[in-house]
Amino acid sequence: MGEPIKQAHSFQHITDLAQFPEKLRGGVVAIGNFDGVHRGHRAVLDLARDEAAKRGVPALAMTFEPHPRTFFRPEQPVFRLTPSHIKAEILEAEHLDGVIELPFTKEFASMAAEDFVKDILVDHLGISQSITGYDFHFGKGRQGTPEFLREAGEAHGFAVTIVGAEGDEGGEVISSSRIRAALGEGDLAVANGLLGYRYFVEATVQHGEKRGRELGYPTANLKLADNCELKEGVYAVQIKIDGEMHDGVASFGRRPTFDDGAPLLEVHVFDFSGNLYEKLVTVCFIGFIRPELKFDGIDGLIAQMDQDSAEARAMIASMRPLSHLDQMLNTDG
């Protein structure tokens, strides 16, 4: 069937169907929320890429923003594993040709399943095949079941593949909810194992109180999303600065020894000197060291930070080999 089309053009992040490129029509489209783009999701994406290569057509993912659960319950926003731009980065690293990010609005939520198929999949995208997970539903009232999609494909002339549940080594289904729960418990071994890469965040370094500098531990201060449910505590991390990875130790929490304020991620970068203010950095979580503690005095805090740093260095030194997605973080850019 010839070379996969991904070699002919660059990855495209499409947020407006009116701007959908003609050259991407006729593709194989994996449809889902794909928050985390975890191992279960990648079973769907891998199949989409393989089927697209066989057909000689583009391989695309379709996602929705905001997350539908956040849309329907805005007072309880979903703890996002991968915000839109990070999800796109991972999808590009998975060698897809593009992602179609549909705005999940009131109008979209009320769209009948048949209209979604006819207006979007057929008329706008002209898909040759859709691939979804076993639990994907769409359309008003979630009327778009896997069986509905199969019948719609037969009626409109596109192939439909439904991918079954992907289990972990113990046979338990891999899900974004399990990963969120593991991160909330500080269980990075489970979370990173289910993701298939090390959990990471991106944020811009802010000015802080500069207490760390006075303690001999200068930190890069990062504000994470308000709906971040990562367990508060101390972590071994790696931080990407100007395209280069550095080892470090980080505290995520409210600084109970000082002000007990809003949650903040404070990263001490080992063996580094330089101005990080206003830089966009990526922080990769390697291992959980301990919960956040309140100290009676500065000496006790510094002694604990010395111990945390030693433990972080040991964790990083014993890391398992990188996956290709971890390798993506280590490349320049």
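Buried is used here for residues with under 20% relative accessible area, exposed for those over 50%, and partly exposed for those in between, with a 1.4 Å probe and protein chains only. The model is predicted, so local features need pLDDT of at least 70 and side-chain atom pairs count only at pLDDT 80 or more, whereas totals for chains, interfaces and linings use all residues. Residues are numbered from 1 along each chain as its sequence is written, and side-chain values use heavy atoms, with hydrogens and water left out.

**View A. Aromatic pairs around phenylalanine 108.** Both phenylalanine 108 and phenylalanine 116 are buried. The structure holds 15 aromatic pairs, where rings of Phe, Tyr and Trp (its six-membered ring) pair if their centres lie within 6.5 Å, and planes under 30 degrees apart count as stacked, over 60 as edge-to-face and the rest as tilted. The rings of phenylalanine 64 and phenylalanine 108 have centres 5.7 Å apart and planes at 40 degrees, so this pair is tilted. It links distant parts of the chain, with phenylalanine 64 in strand 3 (residues 59-65) and phenylalanine 108 in helix 4 (residues 106-109), 44 residues apart; helices (H or I, at least four residues) and strands (E, at least two) are DSSP runs, numbered from the N terminus. Phenylalanine 108 also forms an edge-to-face pair with phenylalanine 116, at 6.0 Å centre to centre and 80 degrees between the planes.

View B. Strand 1 pairs with strand 4 (residues 98-103) in the parallel sense over 3 bridges, and glutamine 12 stands opposite glycine 98 in strand 4.

**View C. The two sides of helix 6.** Within helix 6 (residues 146-156), Pro146, Leu149, Ala152 and Gly153 are buried. Seen down the helix axis, the buried residues fall within an arc of 115 degrees, so they line one face of helix 6; the arc is that of the directions from the helix axis to the C-beta atoms. Glu154 and Ala155, on the other side of helix 6, are exposed. The cover over the buried residues includes helix 5 (113-124), strand 5 (129-133) and strand 6 (159-163), contact meaning heavy atoms within 4.5 Å. Glycine 157, which follows helix 6, has a positive phi near 85 degrees.

Definitions and conventions:
Two strands pair if DSSP finds at least two bridges between them.
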